[in-house]
Amino acid sequence: MNKTKKNEHKKNHLSGEKSPYLLQHAYNPVDWYPWGDEAFTLAKNENKPVFLYIGYSNCNWCHVMERESFEDEETADLINKAFVPVKVDREERPDIDTQYMKVCQLMTGQGGWPLTILMTPDKRPFFAGTYIPRESHGNRMGLKELVATVSGLWKNQKEDLRNTAEQIVSKIAILNESRPPLPLEARALHRGYLQLQGAFDPEHAGFGTFRKFPTPHNLLFLLRHWNRSGEPQALEMVQKTLDAMILGGIHDHVGGGFHRYSTDRLWKLPHFEKMLYDQALMAIALLETYSATKEARYADTARNLFTYVRRELESPRGGFYTAQDADTEGEEGRFYIWTLKELREHFSKQDVKLLIHVFNLEERGNFQDEA
């Protein structure tokens, strides 16, 4: 079935909301409700589970899932028949997002946005995930298959789902219990250093081998460990990681600032959205590293970052915007991507030769889209 164009059908229950993110989806064929008593009372009265979807306006995979599934009439009809759909803006309701992100991390070992939660009408979750494609691929269940499977379980094995939900709620309650803080001993700090040392990628820097985030809090921890202990490898890991990011695609070499994260091990291909809190933490890491090393590239990168934040994220009404969207004309990263043809149209032959050498540019492109 062909995807329905926006505004070709009636509004759902989001049209009266204030959140720009929720208003973006007011014409989805999914019959979205905002978080509130109306949605959960309806779920109880109709004996339906709730399809909770949490995202935000600058989230690339939120856009992808909307285009694939929530603008598709067939998929929307499946969701509407099986669930009461509820959509939440994580920036408007961080309290709801925090609780259900804990659920996702507990159930899957990871988290992120979009956040997809299936739960009972009394808000007890029994399934958690992030981005889910519309169709199943290999061992990965698609949204249409998931909806059909859960619909069958709700009709025939509802108590099993409720028991699962009770177990999850009990575990979350334990996590939420307030405990007196344990004393932070030197051996605990050293153990933290050893864990980061074990996760460090010696070839390409950063931590882990896939989907590398800036994680400036790790760098700040290592800087303090180096300052306390004099351990040279702690500072070396910080510098290698910052250098890899500064030279990589996660850094906006033209406009300044850092993108959300790298989808590959080499820091080459980012998800292009930019978050205000990433810029703040990266600025601290850069300036503290400059303070420790007096190497100018860290201070220069921080200056460019501040210039970007003042130019693009500062609101004329005061304060700062939380993020900058990566989508341009429905395509992620289009604003940031250059072709050699475009460079040749704007720069001299000598400059283009230098750009090709510095940025490792190729006629066919120098990255493959993650999708």
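**α11 against α12**

I started with how α11 and α12 lie relative to each other: their axes are 8 Å apart and pack at an angle of about 155°, so the two helices are roughly antiparallel. For the angle classes I used these cut-offs: under 35 degrees is roughly parallel, over 145 roughly antiparallel, 65 to 115 roughly perpendicular, and the rest oblique. Axes here are lines fitted to C-alpha atoms, for helices over the stretch in contact, with angles from 0 to 180 degrees between N-to-C directions.

This is a predicted model, so I kept to its limits: local features need pLDDT of at least 70, side-chain atom pairs count only at pLDDT 80 or more, and totals for chains, interfaces and linings use all residues. Residues are numbered from 1 along each chain as its sequence is written, and side-chain values use heavy atoms, with hydrogens and water left out.

The crossing of α11 and α12 came out left-handed, meaning that the near helix is turned anticlockwise from the far one by less than a right angle; clockwise would be right-handed.

I then listed who touches whom, with contact taken as heavy atoms within 4.5 Å. From α11 the contact is made by L276, Q279, M282, A283, L286, L287, T289, Y290 and T293, and from α12 by A296, Y298, A299, T301, A302, L305, F306, Y308, V309 and L313. By class, the α11 contact with α12 has 15 nonpolar, four polar and no charged residues. The classes I used: Ala, Val, Leu, Ile, Met, Phe, Trp, Tyr, Cys and Pro are nonpolar, Asp, Glu, Lys and Arg charged, and the others, Gly among them, polar.

**α10 against α11**

Next I looked at α10 (residues 232-247) and α11 (residues 276-293), whose axes come within 11 Å and cross at roughly 125°. These two helices are therefore oblique to each other. Their crossing is left-handed. On the α10 side I found L235, V238, Q239, L242, M245 and I246, meeting M282, A285, L286, T289 and T293 of α11. By class, that makes eight nonpolar, three polar and no charged residues.

I took a closer look at Q239, which sits in helix α10. Is Q239 buried or exposed? At 15% relative accessibility, Q239 counts as buried. My cut-offs for this: buried is under 20% relative accessible area, exposed over 50%, and partly exposed in between (1.4 Å probe, protein chains only). Leaving out residues up to four places away in sequence, Q239 touches T289, T293, E295, R297 and Y298.

**K294**

K294 lies in the loop between α11 and α12 (296-313). I get a relative accessible area of 56%, so K294 is exposed. Phi of K294 is positive, about 60°, although the residue is not a glycine. I also checked K294 against H251: they are 43 residues apart along the chain, and their C-alpha atoms are separated by 21 Å.

Most residues other than glycine have a negative phi, and most peptide bonds are trans. T215 is another non-glycine with a positive phi, near 40°. I place T215 in the loop between α8 (186-199) and α9 (216-229). The peptide bond from W113 to P114 is cis, with omega near 5°. P114 is in the loop between α5 (94-108) and β4 (115-119).

**F213**

F213 is also in the loop between α8 and α9. With a relative accessible area of 37%, F213 is partly exposed. Beyond its neighbours within four places in sequence, F213 contacts R260, Y261 and W267. F213 and V358 are 145 residues apart in sequence and 23 Å apart in space, C-alpha to C-alpha.

**Aromatic pairs**

How many aromatic pairs does a search of the whole structure find? I got 15. Rings of Phe, Tyr and Trp (its six-membered ring) pair if their centres lie within 6.5 Å; planes under 30 degrees apart are stacked, over 60 edge-to-face, and the rest tilted.

F51 and F83 make an edge-to-face pair, 5.7 Å centre to centre with 70° between the planes. This pair links distant parts of the chain: F51 is in strand β2 (residues 50-55) and F83 in the loop between α4 (73-82) and β3 (84-89), 32 residues apart. Both F51 and F83 are buried. The ring centres of F200 and F207 are 5.8 Å apart with planes at 65°, so I noted that pair as edge-to-face. F200 and F207 are both buried. Last entry: W32, F51, Y53, F70 and F83 form one aromatic cluster.

Methods: Helix = DSSP H or I, 4+ residues; strand = E, 2+ residues; numbered from the N terminus.
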